[in-house]
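Here are my notes on the model, as numbered points. Please read them with the structure open.

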Amino acid sequence: MGCARPTTSAPRLLPPPPGEIVRSSLTSVALAPAPFSPKFDVVDGPAKGVGQGAARGALLGAVYTLGGGAFGGPIGLVASVFLAPVGAVGGGIVGGMTAESAAKVDERVAAAARSLSARQIQEDLVNRVAVIGREETSSTFTLLAAAGERADYRALVFDGVQAVLEISVVELSLRGRTGEIDPSLALAMAVKTRLVRTDDDAEIYANSLTYSGGQGRTLAEWLEAAELLQDELDRACTIVAEKIVDEVFLLVPFPARAKR
Amino acid sequence: MTRWLLLLAVLFLVACAKPLDVAGLKPLSQTADDQTPILESSQPALRWEPFPRPADLDADPKGWVSRVSNVTYDLRIWRAERDHFGHEDVYPAELVYTRSALSRPQHTVESPLASETQYVWSVRARFDLDGRTRVTPWGILLLRAPTTLADPRSTLVPPRGYYRFVTPRDPDGRTGGGSD
């Protein structure tokens, strides 16, 4: 029982939304934020040091030479095969010269982690779900304090609460593309949701969502523009909160058509 | 003879115009061969299938669809940007226009959108079911190269498959506002 713990594996498709029988019992719902800070990670981030920079640069140099040669037809392709080592050497030199030191990259990753962990992301998301839920549904939403993991919600029955919706931001990450020296990183936010019936503390619905940002910036740019990172987090919270309210309370899938 | 050739040409075109493959209420006047049409107006007139569709009633003749009432539509338009990860190229970067409780399955955008800009848009039906408000899923394109992001039930948000259009060049050469 209790809030979902951080995990890295998540299903790729959402389960069906709760049925109407379940929804009919959701007139008073308590929202519970996770009592932990989300895990932070930089995935496929900047190259660390001369060695990693040179290796990534060499690979990119060779790939771009081959790719460029392919545009020149068969002759260009053959020529590019012979020129690929030259591209690799050139790319390696550039990569080695432009890559930041490992210490500098680690320092930036730690600064990004500090910046994100200082924000009240769990409470922000739950508050947004409450606001959207009140606007979009006729249910009553109350907020539970994140005072610690609750083993048992059954006492809430006496307050008229029929279900608790646990909402946990389990991971925040900045994600780049494999192999780049100083890649653009986009924000990702992994969220788990559990709907628990207060009558018997049974889980009656659960899903996982991941916000996948489209806006890419280098790690240094994200750190320099704190307000842009906050904007992106706000945007992620709004999109995820709307999706949670839709899935749990509102959405009805179209009826499945018979297969011919 | 010319008449027969014309008829054959029309039949050929009709046969070639593949229907748009979507999940949700389908946009009308858009085909699979032109998923990102360049519009003639920066205040486009958008139309989509009404809900419930005949196929929904056929699929669920005595089920919940027959109990649906007070159908309205929610419409959203986002300025699109090239996706960082290249998932089918576009990403709903900024919500610029939103309308809800539209009574008919059509809407003409009330303020000019920026010229020569790619937008994505979507609609869903909002209705009463047994006295409670419910919605259908937002409509999305089922893309030719399916990715997890493009699946209607993907755990990844926001979807990359919203319907698309590009606004025309401003005759005065200006770039419009577009924010609602």
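1. A:Phe141 is buried, at 4% relative accessibility; buried means under 20% relative accessible area, exposed over 50%, and partly exposed in between (1.4 Å probe, protein chains only). This is a predicted model, in which local features need pLDDT of at least 70 and side-chain atom pairs count only at pLDDT 80 or more, while totals for chains, interfaces and linings use all residues. Residues are numbered from 1 along each chain as its sequence is written, chains are lettered from A and ligands numbered from 1 in the order in which they are written, and side-chain values use heavy atoms, with hydrogens and water left out.

2. Over all chains there are ten aromatic pairs. Rings of Phe, Tyr and Trp (its six-membered ring) pair if their centres lie within 6.5 Å; planes under 30 degrees apart are stacked, over 60 edge-to-face, and the rest tilted. One of the pairs is A:Phe141 with A:Phe249, edge-to-face at 5.2 Å centre to centre and 80 degrees between the planes. A:Phe141 is in strand S3 (residues 140–143) of chain A and A:Phe249 in helix H7 (residues 226–250) of chain A, so the pair ties together parts 108 residues apart in sequence. Helices (H or I, at least four residues) and strands (E, at least two) are DSSP runs, numbered from the N terminus. A:Phe249 is also buried, with a relative accessible area of 4%.

3. A:Phe254, B:Phe51, B:Trp64 and B:Phe127 make up one aromatic cluster. Over the ring of A:Phe254 sits the charged end of B:Arg53, 4.2 Å from the ring centre; the criterion is NZ of Lys or CZ of Arg within 6 Å of the ring centre and within 35 degrees of the ring normal.

4. In strand S5 (residues 186–197) of chain A, ten of the twelve residues are buried.
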